[in-house]
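Reader: I am new to reading protein structures and would like to learn how to look at one feature after another. Could you take me through this one slowly?

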Amino acid sequence: MNESSVLVIESDPIVRESLSGWLSSTGFEVTSAEDGARIVKVFAKSDFNIVIMDVRLHSETQLATLREMKAIRPRIKTIIITSHPQEEKVLEAKKIGVVDYIVKPVDMDDLQKIIQGTVESICRDNVNITEDNTSFETSGDDLVPGIKKSFAISRENLSLMVENLLKETEVIGVKAKQGKYVYDRIYGFYELSLDYDVTVSPPTGYMFPAKETLLKFKTGNGNHVEPVIEYTPRVIIGVHPYDIKAIELLDEVFMNHNPDPNYTARRENTVIIGVDCLHPSPRSFAPSMGTNWTETGFDLLLTDIGNSYIVKIGTEKGAELLAKHTKYRLPTGDEIVRQKKVRGEALNRYKIALDTPKDRIPKILEESYDDPYWENRSATCLSCGSCIMVCPTCYCFDVKDEMAMNLKEGERFRRWDGCMLVDFAKVASGENFRKDKASRFRHRMFRKGKYILERYGKVGCVGCGRCSSACLAGIASPLEAFNSLAENIRLKEAATSVIQPAKQARHIYTPEMAEILSVRQLTEKEKVFELKLKSGKKLGHYPGQFVTVSIMGTGEAPLSISSSPLRGKNFQLAVRNMGDLTSALHSVEAGATVGIRGPFGNGFPLETLEGRDLLLIAGGIGLFPLRSLIQYVMDRRYDYGKVSLLYGCRTPAERVFTEELDFWQNSKEIDFHETVDMPCEGWTGNVGVITNLIDKVDIDPKKTMVAVVGPPVMYKFVIEKLKKRDLPDAHVFLSLERKMKCGVGKCGHCQINGIYTCQEGPVFSLTQLRSLREAVL
Amino acid sequence: MKPKVAFFDFTGCEGCQLDALNLDAEDLIDLLNGIDIVNFREVMTERSDNYEIAFVEGSITTEGEIERIKKIREQAKTVVALGACAGIGGVNCLKNHVPMEEALRIVYGKDAKYYNTIPARPADAVIKVDHYVRGCPPSTSELVKVIKALLLNKKPDIPNYPVCVECKMAGNICVYEKGQTCLGPVTRAGCNAICITSGRYCWGCRGLVDEPNIQSQKDILNKYGLTAEQVIEKFKIYDTCSEVLK
Ligand SMILES: Cc1cc2nc3c(=O)[nH]c(=O)nc-3n(C[C@H](O)[C@H](O)[C@H](O)COP(=O)(O)OP(=O)(O)OC[C@H]3O[C@@H](n4cnc5c(N)ncnc54)[C@H](O)[C@@H]3O)c2cc1C
Ligand code: SF4
Ligand code: SF4
Ligand code: SF4
Ligand code: SF4
Ligand code: SF4
Ligand code: FES
C-alpha cells in the first residue's frame, strides 16, 4: 500500500478541487469525496493512510462519521480542517483517530508540514512493529554529561568555565549596581553576583529588546522592503528560576504559532545558565506561582551549596558547554543532602504568599470583574507603566515607521508598549477602549492571573515582585490583588482554554507587495481600491477577514477586505480617510505599490450561515467589511434561504457604493431596505435610525442568521431590537473594531479580555460577546 | 515644492534656536534639501513673510507679543511651538507666582515703571498650536522628527506616556529608590529619560502628559519627605505648576 494515499473530504467544491489538485501535484495519490454519507462507501472499496476532512467539531453526525471510519480502519490517520477549535472537542476528536488539526483558512505550508509529519510517522509505525524499544540511555560512564544529570563543580572550576566562555562569546551576568542588582555585560568572573535577590529589570530584554528594527525599506520605485533580524550569540548567567519560567512563556508566545523571527533568532542564540534563588526579595512570591524551582528552560542550572555548586544539565548545548570548558565530578552524598537543605531554607525565606491555590486565581478574577476593588485600588495609579516595563512576562509592543533624513529610506521598528499606558487601546477616531485607570489596572491583573494562563497554559505572573518594587503608588502587586479579591469570593473550577488558530507567512511582519489597479472615489472621505498581489497569487481570504496595508515610511493600518473571494484574483479595500496611513493611501494613484499582510482574523462563520435565511445589517462604513459577505452570498445564492439587507447611514451624501445599493434595490434575490438619519433635499427614501428597518422584514428566528457591522453605538440598539424579535444570541454575529498593530496575536493592542480580536475575531457571535465584558454591548 | 519655514522668537533665551542648529553637517544638508528656511534669526540676514511653517520660540509676556503671534498664526499653515517656554510657559512663568509689579521690580529694578508685562503664557494660550518640540533646550532630534513628520504629512511620534516608561526601558534604577524625588511619572516622555540616565532626576521640562495623576504624584512627593511648599516649588520650574495649582 502506498504510504501517501490521501482521501480528501470537503463539501466546498472550490476548496476540494484546489486541495486535491495541490496534493496530487505534491506527489500524493488523491481521492476526493463530497460528504460524510458517501465516505464510508468509498472507504470500503479502497485503502487510504491519510484522510483530510473538513469537520465541524460541534456536529455530532460528523463525529459519528469519524468514529465509523476509525472502526473500519483502526490505523487510519485523520487530519481535520476546522474553524474555531475548542480544546475539549479537539481532545474528543483525537480519541477517534484524529492525529492533527488545522485551522481555517488553511495555510498550504502548514498543511504540507502536517501531512509530511504524518507520512513519516506512518513509516515509523511500520518499522517500530519489528524493532521496538531502542533506548537512547547509555549506561556507560556516569561522567558523560547528559540531560537531567547533576554534577558538582567547585567555585574555581565555575570561574574557569566563565573565563573560558568569555574568550569565545558575549557573557551577560548579574552584577551589583548602586545597592541593587542588574543584568549587564561582564568581562570577568569576579564581576558576577550569583547570590542576589532580584534584578531591577528582567533578562527577557536580551531576547525582546525595548526597541528593535523589524524592517528596512526604500520608498519610491520598487518599494524595496527587507526584514531585519539582528542578534548576538550570548550566554546569560545567573538567571533565577522565576525568570526562566518567564522566558518559557515568551518562547511559547513568540516561537509557537506565527513564530516571531526576531525573537526566535535571539532566543536560539542565547545560552541560559540559571542559578537557584536562595535569598529571595521580600516582595517575591515565586513559590505561590510555582516558579521558585524549575526543571526546564535552562541549559545549565546551578545551586550554591557552600563551597561548591551542584550543576544540573538541561540541554545538549549545556552538556557540551560544561564538558568543553571546565572540570566537574559526581556529587557526594553529602553534597546532595546539602542541596536539599539550602533549598529548604530558601523556601522559608519568602515573606509573602498567596492565600489561595494559584489554580483558583482565574476563577477569582472572573467573579470579581465588577468588584469595586478595581476602581478604588487604581485611584492613585499614575499610568506610568513602570510595572509593565519591569515585568518579565510582559511583551506588548507598538510598531512605527521612522524615515531617514533624506525621506527616501527608513525603518519600521517596534518598541515596548503596554496596557497600563493611556493610549494603548486608543484608535484613530479618538475612541479609547480602555479609557479609565480602573479598566487598565484590571486588564493587567487579568492578564497576569487569567488570560495568559488560559491562552498559553503557563502562569502570566511568575511572582518576581519587581512590579511592586517599581510602583511608586504601591499598588502594582498581583499577589495583593489576588489575595484581596479571594477573600470575598466563592470559588468555582478553573476556566477552560482557548486554542488559537495557527498560520502565517515566513516573516510575519514583512508585507507582500501589491499593486493598486484602480482607485475610485465613493464619497468625499471614502475611496475604494482594487489591488492585486505582485506575486500573482490569490489573496485567499474569507469574507470578513482583514489585511494590514503598509505604506513604508507612513506606517500600517488594518483594513477589511471589501470584495468576495469568489471574484477572481483581485481584491478590494474601501477606505475612509482618518489619519496618517489612510490619508497617505488616499493620495496614491493606480499603479502604486503598497504592502499587504494577511488575511487575518476569522471572518464570518460561513458554515453556520449556509442554508439559512440571512439578515445582513450594515451601518455607515460597516458596509465595507459586510460587502465581502454580501457579494459572496450573491455569488452562491442557491446555498441560502431568504436574504435581507439593511443599510443605514447619517446623510444621503455619506452613502457608499451607490450603484450597488441601486442594484440591490432592484434585485429579486435580496430584500433590501435603506434609511438615512438626516435627509437632504431630494431624498425620497426612508428617514430614521436603522433599527426601524428591522421592523420591515419577516424573521423566522429559528431559521435566520444575522450579521451586523457598524459603529459601536449601533450595536446596542440593534441587539435590543433583535432580542425583541426573539433571535437567539447564537444566531447573531458582529464584527468589532479594535486598535491593531501586528495582526498576528502578539502586540496585545486588540485584546478584549482574554481574546485577541485579530485572531479569534473580528467576527464574534453574541453568545461569545456576552462573556467578554470589555466588549460592552 | 519645498515648504517655506520661518523661525520666530518671543520671550526666552534663544537657546532653543541655537540648539536647533546643533546638527551635523550632513544631516543639515539633508534637512535643507527638504525645506526652505526663509527666516531664521540666528543664521539668516534676509527676512521673508512668505512661509508655511512657523516655529515659535519663547513664551508670550507682552501685549505686543500677543498681536505678533496672532499675525504669525494667520500667515502660517502650521505653527510649531519650539521649546519649553513656547510649549508650556517654561521658566518665564516663575514670575507669575509673584505680583506683576514685584516681578518687574525684581527684573528691572528702578526702571520697572518703563516696562509693561503680563503674566507669561505658552503660545497655545493665545493661538492654536499644531505641534510641539518639547524640552528645555528642545532636542535637535525631536526638531528633526517634527520636520520629517510635517514633510511626510503624518503625526510626529511623540509619546503620551510618562518619562518612567523610557527610564525603565533604559534599565535605570529609580531615583526614588535612592531617596531622591523625580517628576518622571507625570512628565511626557520623548527624551529617553536623559536626565535620569545621566545621573540626575526629571524636573519636568517636557511638560505634563495628557492625563497626569497630579494628586498621586503630590502624595508620592510627600511620602518621600517633601513638604507641600517644596512640592509646589518642584512643579514650578517649568510651570507644570499652573496645571497643578488648579
Ligand atoms: C479589523 C479592522 C478592519 C477595518 N476595516 C476598515 C475598512 O475596511 N475601511 C476603513 O476605512 N477602515 C477600516 N478600519 C479602521 C482603520 O484601520 C483605521 O481607520 C486606521 O487604522 C487609521 O489609521 P491611520 O494611520 O490612517 O490613522 P492614525 O490616527 O494615524 O493611526 C494611528 C495608529 O493607530 C492605529 N489605529 C488607529 N485607529 C485604528 C482603528 N480604528 N482600528 C485599528 N487600529 C487603529 C493604527 O494602527 C495606526 O498605526 C478597520 C479596523 C479594523 C481593526
Ligand atoms: S506581574 Fe509583577 S510579580 Fe508578576 S512577574 Fe510581572 S513583575 Fe513579577
Ligand atoms: S497586556 Fe499583558 S503583557 Fe501587555 S503590557 Fe499588559 S500585562 Fe503586560
Ligand atoms: S500600577 Fe503603579 S507602576 Fe503601574 S502604572 Fe500604575 S502607578 Fe505606575
Ligand atoms: S527615576 Fe523618575 S522617571 Fe525614572 S522610574 Fe523613577 S520616577 Fe520614573
Ligand atoms: S528627564 Fe525630565 S527634565 Fe530631563 S529632559 Fe526628560 S523631561 Fe526634561
Ligand atoms: S495582537 Fe497585535 S493586532 Fe491583535
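Predicted model: local features only at pLDDT ≥ 70, side-chain atom pairs only at ≥ 80, totals over all residues.

Reader: What volume does the largest cavity have, and which residues lie closest to its centre?

Author: The volume of the largest cavity is about 240 Å³. It is lined by 23 residues, and those closest to its centre are Ile388(A), Cys391(A), Cys394(A), Tyr395(A) and Cys396(A).

Reader: Which helices supply residues to the lining of the largest cavity, and which one gives the most?

Author: In chain A, helix 14 (386–389) and helix 15 each supply at least two residues of that lining, and helix 15 of chain A gives the most, with 5 residues. Sorted by class, the lining residues are 13 nonpolar, 6 polar and 4 charged.

Reader: Which residues surround ligand 6, and how do they divide by class?

Author: Ligand 6 has around it Thr187(B), Cys191(B), Ile194(B), Cys195(B), Cys202(B), Trp203(B), Gly204(B), Cys205(B) and Arg206(B). By class, its shell holds 6 nonpolar, 2 polar and 1 charged residues.

Reader: Let us turn to aromatic rings. How many aromatic pairs does the structure hold?

Author: Over all chains there are 19 aromatic pairs. To read such a pair, one looks at the distance between the ring centres and at the angle between the ring planes. Phe254(A) and Tyr263(A), for instance, form a stacked pair, 5.0 Å centre to centre with 25 degrees between the planes, and both Phe254(A) and Tyr263(A) are buried. In contrast, Phe397(A) and Tyr509(A) form an edge-to-face pair, 6.3 Å centre to centre with 90 degrees between the planes.

Reader: Why can the pair of Phe397(A) and Tyr509(A) be said to tie together parts that are apart in sequence?

Author: Phe397(A) lies in strand 15 (residues 397–403) of chain A, whereas Tyr509(A) lies in the loop between helix 17 (478–487) and strand 17 (512–521) of chain A, so the pair ties together parts that are 112 residues apart in sequence.

Reader: Are Phe397(A) and Tyr509(A) buried or exposed?

Author: Buried means under 20% relative accessible area. Phe397(A) is buried because its relative accessible area is 0%, and Tyr509(A) is buried because its value is 4%.

Reader: How should I read the backbone, and which peptide bonds are cis?

Author: Most residues other than glycine have a negative phi, and most peptide bonds are trans, so departures from either pattern can be noted. The peptide bond from Gly598(A) to Pro599(A) is cis, with omega near 5 degrees, and Pro599(A) is found in strand 22 (residues 593–600) of chain A. The bond from Gly761(A) to Pro762(A) is also cis, with omega near 5 degrees, but Pro762(A) is found in the loop between helix 24 (757–760) and strand 31 (763–765) of chain A.

Reader: Where does Asn258(A) lie, and what is its phi?

Author: Asn258(A) is not a glycine, yet it has a positive phi of about 50 degrees. Asn258(A) lies in the loop between helix 7 (241–255) and helix 8 (261–268) of chain A, and it counts as buried at 6% relative accessibility.

How values were computed: Residues numbered from 1 in each chain as written. Chains lettered and ligands numbered in written order. Heavy atoms only, no water. 1 Å grid on protein atoms, 1.4 Å probe; cavity = no way out; pocket = protein on both sides within 12 Å on 5 of 7 lines; lining within 4 Å. Points joined across faces, edges and corners; volume = space filled by probe spheres on them. Helix = DSSP H or I, 4+ residues; strand = E, 2+ residues; numbered from the N terminus. Nonpolar A, V, L, I, M, F, W, Y, C, P; charged D, E, K, R; others polar. Phe/Tyr/Trp six-rings, centres within 6.5 Å; stacked < 30°, edge-to-face > 60°. Buried < 20%, exposed > 50% of the residue type's maximum accessible area, 1.4 Å probe, protein only. Near = heavy atom within 4 Å.
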